[in-house]
Amino acid sequence: MSAITTLTGTRDILPAEIQYWQNIEEIARSILKKAAYREIRTPIFEQTSLFERGIGEATDVVGKEMYTFKDKGDRSITLRPEGTAGVVRAFIQNSLEAQGGLQRLWYAGPMFRYERPQQGRMRQFHQIGVEVLGTADPRADVEVIAIACDILQAIGLKNLRLDINSVGNKQDRQNYRQALIDYFTPYKSELDADSQDRLTRNPLRILDSKNQRTQEIVAGAPSILEYLGDESRSHFEEVQQMLANLGITYQLNPRLVRGLDYYTYTAFEIISDDLGAQATVCGGGRYDGLVKELGGPDTAAVGWAMGVERLIILLQKLQPLPVPELDFYLVSRGKKAEQQSILLAQKLRSAGFSVEIDLSGSAFGKQFKRADRSGAVACLVLGDAEAENETVQLKWLASGEQSAIAQSELLAMTDELQQRIMAAY
Ligand code: ATP
Ligand code: MG
């Protein structure tokens, strides 16, 4: 029988790679905590209509990429393609606005899009994201951007750039939309098929087209910055001023409109020059219209999402795989020694050490080889003699220095051991 394998566009994240994931998650968690963001976990599947309304039917995500199916109760269900819609639904359903003040939320988890898999583009991928709900203050836009930059920097990524734009408010976009229709209509037959379709439905999205001829035409299109009203203009200026004050460099990109319908005012992307085609590691912006669109109270909001797979591709180029830390590798041979090994390991673990027990029962020589490969700082050896008088051989693997010590004494000198192990890492 042939073995069953993963579906196209999905993959296993094996222990050899997991250290990257855990480092990223830990860094993000600690930076978000310092900024008073709280984690939210929403379901991985939702009613299809949540995404249709929340993301917009004219987008690629809803139009082409959703994993939608009927469940046994004939309900239309979709695996979440992104995090914002679910978080906003949760905000409305649980009346989080009634808790007063604004909500600073973050999430992390898998997302699903039916896309053509390639480097940095998977059908199941992972995002870390933030949403700040309940304020139109441009400081919130700057706060989320600064946090994204902090996380990416703390992870150790380099060669990133920040593109920002303003997509204005509803009125500005309506004016701009008409200007785009007027501009693109004479070129209609030259646009790619998707863009022709978007010409009347969502002409802003033509700016997003990856088609080369369309991009040439886009180059001459009017800029949204010329269509911003006073309010949008001053919001955008404040954002830029504050970014400059923080020393965050950015470049204006008037073609940056993002794929989703609900964005207002600030839109931004953080892009890597080391990623090839799938270069955007983080995308976000303000979406003041969404909460109301989904049936909630009029609530201004801003957020971003970063793609973890793309961060890991970058990290793998930059940093050797971090080695997992291990304090002790415990070797034993002989019935009594083997039995004691479990007890000694448990006692060391409750004293705060990490301990790997060799369970092979093989000759000492083989166990010592594995101890060397384990990356442990020290090896503990229990043989018949040690088991008999409740001692243990303690061998520091880097120097080879070895001594016999009573097990009780070993457990009593935890501070000293701790210090010596820390020094070894
Ligand atoms: P792209 O232009 O790359 O398709 P997008 O505009 O669809 O991106 P968003 O919906 O803004 O992306 O998602 C935010 C981030 O999530 C992206 O910048 C990217 O890092 C990551 N991402 C999106 N889709 C995928 C995918 N299929 N596989 C891996 N990462 C993804
Ligand atoms: Mg996409």
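Trainee: Where is asparagine 159 found?

Mentor: Asparagine 159 is found in the loop between α5 and β7 (160-166). Keep in mind that this is a predicted model.

Trainee: How do I read its phi? What is the general idea?

Mentor: Most residues other than glycine have a negative phi. Now take this case. Asparagine 159 has a phi near 55°, a positive value in a residue other than glycine.

Trainee: Is asparagine 159 buried, exposed or partly exposed?

Mentor: The relative accessible area of asparagine 159 is 48%, so this residue is partly exposed.

Trainee: What is the phi of tyrosine 265, and where does this residue lie?

Mentor: Tyrosine 265 is not a glycine, yet its phi is positive, about 50°. Its place is in strand β9 (residues 264-272). Tyrosine 265 has a relative accessible area of 10%, so it is buried. The cut-off for buried is under 20%.

Trainee: Next, helix pairs. How are two packed helices described?

Mentor: By two values: the angle between their axes and the distance between the axes. Start with helix α5 (residues 138-155) and helix α9 (residues 230-245). They pack at about 40°, and their axes are 9 Å apart. That makes α5 oblique to α9. Their crossing is right-handed.

Trainee: Which residues of α5 and α9 meet?

Mentor: On the α5 side they are Pro138, Arg139, Asp141, Val142 and Ile145. On the α9 side they are His235, Glu238, Val239, Met242 and Leu243. The residues of this contact of α5 with α9 divide into six nonpolar, one polar and three charged.

Trainee: At what angle do α1 and α5 pack?

Mentor: Helix α1 (residues 15-34) packs with α5 at about 140°, with axes 9 Å apart. The two helices are therefore oblique to each other. The crossing of α1 and α5 is right-handed. From α1, the contact takes Ile24, Ile27, Ala28, Ile31 and Leu32. From α5, it takes Ile147, Asp150, Ile151, Ala154 and Ile155. The residues of the contact of α1 with α5 divide into nine nonpolar, no polar and one charged.

Trainee: How do I read burial along a helix? Which residues of α7 are buried?

Mentor: List the buried residues, then look down the axis. In helix α7 (residues 193-201) the buried residues are Ser195, Arg198 and Leu199. Seen down the axis of α7, they fall within an arc of 120°, so they line one face of the helix. The face turned away from that buried side carries the exposed residues Ala193 and Thr200.

Trainee: What do the buried residues of α7 pack against?

Mentor: They pack against α3 (60-64), α6 (170-184) and α8 (212-218).

Trainee: How many residues of helix α11 are buried?

Mentor: Eight of the eleven residues of α11 (residues 308-318) are buried, so this helix is largely enclosed by the rest of the structure. Among the buried residues of α11 are Val308, Glu309 and Arg310. The buried residues of α11 pack against several elements, including α1, α5 and β9.

Trainee: Last one. How far apart are leucine 397 and leucine 105?

Mentor: Compare sequence and space. They are 292 residues apart in sequence and 45 Å apart in space, C-alpha to C-alpha. Leucine 397 sits in the loop between β15 (391-396) and β16 (402-406). Leaving aside its neighbours within four places in sequence, leucine 397 is in contact with Ala371, Asp372, Ala376, Val377, Ala378 and Cys379.

Methods:
Residues are numbered from 1 along each chain as its sequence is written. Chains are lettered from A and ligands numbered from 1 in the order in which they are written. This is a predicted model: local features need pLDDT of at least 70, side-chain atom pairs count only at pLDDT 80 or more; totals for chains, interfaces and linings use all residues. Side-chain values use heavy atoms; hydrogens and water are left out. Axes are lines fitted to C-alpha atoms, for helices over the stretch in contact, and angles run from 0 to 180 degrees between N-to-C directions. Helices (H or I, at least four residues) and strands (E, at least two) are DSSP runs, numbered from the N terminus. Angles under 35 degrees count as roughly parallel, over 145 as roughly antiparallel, 65 to 115 as roughly perpendicular and the rest as oblique. A crossing is left-handed if the near helix is turned anticlockwise from the far one by less than a right angle, and right-handed if clockwise. Contact means heavy atoms within 4.5 Å. Ala, Val, Leu, Ile, Met, Phe, Trp, Tyr, Cys and Pro count as nonpolar, Asp, Glu, Lys and Arg as charged, and the others, Gly among them, as polar. Buried means under 20% relative accessible area, exposed over 50%, partly exposed in between (1.4 Å probe, protein chains only). The arc is that of the directions from the helix axis to the C-beta atoms.
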